[in-house]
Amino acid sequence: MKCEHCTRKECSKKTKTDDQENASVDVPSPAHENGEAREFHKLADAKIFLSDCLACDSCVSAEEGVQVSQQNAKDFFRVLNLNKKCDTSKHKVLAVSVCPQSLPYFAAKFSLSVTDASRRLCGFLKSLGVHYVFDTTIAADFSILESQKEFVRRFRQHNEEEPTLPMLTSACPGWVRYAERVLGHPVTPHLCTAKSPQQIMGSLVKDYFARRQNLSPDKIFHVIVAPCYDKKLEALQEDVLTASRGSRGTDCVLTSGEITQMMEQSDLSVRDAALDTLFGDMKEEEVRRHDGASSDGYLAHIFRHAAKELFNEDVGEVTYRTLRNKDFQEVTLEKSGEVLLRFAAAYGFRNIQNVVLKLKKGKFPYHFVEVLACAGGCLNGRGQAQTEDGCVDKALLQKMKGIYTDIPVRLPETSSHVQELYQEWLDGTDSPRVQEALHTAYQGPGHPANSRDIKW
């Protein structure tokens, strides 16, 4: 079997010893809540091979493999357990941030509305000892807004001698890792420099929220709940703009499937709770999403913004035209028979290969491409929409898509909290802090030595 990222050589064959959603996890019961009996040391490791994410040994070094293998439920419970010890110097404030594409999975699995699923998830995590549970939608707001501004700037600066287009999205960590480690130039200059929602959420929690709570960043243990394993790799690269400069934005990534496994095996008494916000005692009143069928909808938001900003055209509903397959779609803005904007969505590695091939040949007609490594988009991340034998659970995925579509859409521009944070946290929308906190740079390709299979 060949890893989806691997184009230069065959990945070593792997034999699973345990299915990723089947590994044994011991969650404490109410009968063991007192004393040392409530130790979480019996938690078993979930064995996930590297082939279950979209990275191959061209993309992950042995050192990174060790660090990724430490991001698991066992590490999560280790911190929970330390908080129950008498030595308060080792206590951590636990904050969990949930990706919006994970919530439809919980709703489908437990036959709940997405709002009730978020409350059930939040209540469960707090019953374990988590202090705060956030929604990463606000981080995606920042990422989309910064991507919008960057596309308009690139469009205006583009010329044949120094092409700045097409702009390729950078929110998918599997795609970005492949672009950096395998493709390099001429692809990486086209990657949008806006940080991903996960990276920005790390900065919001470890910098903004930490200062608001008078906490040192290293006193917060930040967990992301996400639909795919690639986000575990992404967490290794997160640098947070803090005074200490030494704090990683995300300490641990757990997939939706890993969390569901805990919930199914737990007999703790759970009281539903509303999601927290970064703003003190305020609670999230309603789950919102961005305008994407199975993702954060960078294409739709950037397309509308560019049409208005560049051509003073108001676009209502974005019309997608399926081309090569259902995971390669096109959107155009036309006026008087002339194509003003040509955008595309390319999901899955086969479509990505076609994009890269045409880009390298200089025969690429698009101004912008939303690139996602997973066919079907983020809802189809390998950390959630899987059967016990590792195949896509098509019935579950279809149910999740319906649930996600029914979530109300909120435009990033309409978020008053985001505008407040630009001023309060980042000193304005065009300050040097915006560039440092919300943007990144990309490294060239390399072939890390001593590559290895990874187990989570």
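Okay, ground rules. It's a predicted model, so local features need pLDDT of at least 70 and side-chain atom pairs count only at pLDDT 80 or more, while totals for chains, interfaces and linings use all residues. Numbering starts from 1 along each chain as its sequence is written, and side-chain values use heavy atoms, with hydrogens and water left out.

Buried here means under 20% relative accessible area, with exposed over 50% and partly exposed in between, using a 1.4 Å probe and protein chains only. The buried ones are Ala73, Asp75, Phe76, Phe77, Val79, Leu80 and Asn81.

So what covers them? The cover includes β1 (93-98), α4 (114-128), β4 (220-226), β5 (252-255) and α9 (256-265), with contact meaning heavy atoms within 4.5 Å.

Now β1 itself. 6 of its 6 residues are buried, so β1 is also largely enclosed. Side chains in a regular strand alternate between the two faces of the sheet. In β1, Val93, Ala95 and Ser97 point one way, Leu94, Val96 and Val98 the other, and all are buried.

Who are its partners? Strands count as paired if DSSP finds at least two bridges between them. β1 pairs with β4 in the parallel sense over 6 bridges, and valine 96 sits opposite valine 223 of β4. β1 also runs parallel to β2 (residues 132-135), joined by 4 bridges; there, alanine 95 has tyrosine 132 as its bridge partner.

Back to two of the covering helices, α4 and α9. Their axes come within 11 Å and cross at roughly 70 degrees; axes are lines fitted to C-alpha atoms, for helices over the stretch in contact, with angles from 0 to 180 degrees between N-to-C directions. That makes α4 and α9 roughly perpendicular, the label for 65 to 115 degrees (under 35 is roughly parallel, over 145 roughly antiparallel, the rest oblique). Arg120, Leu121, Phe124 and Leu125 of α4 meet Ile259, Met262 and Met263 of α9.

Last, there's an open sheet of 5 strands with mixed pairing, ordered β3-β9-β8-β7-β6. Its edge strands, β3 (167-168) and β6 (321-325), each pair on one side only.
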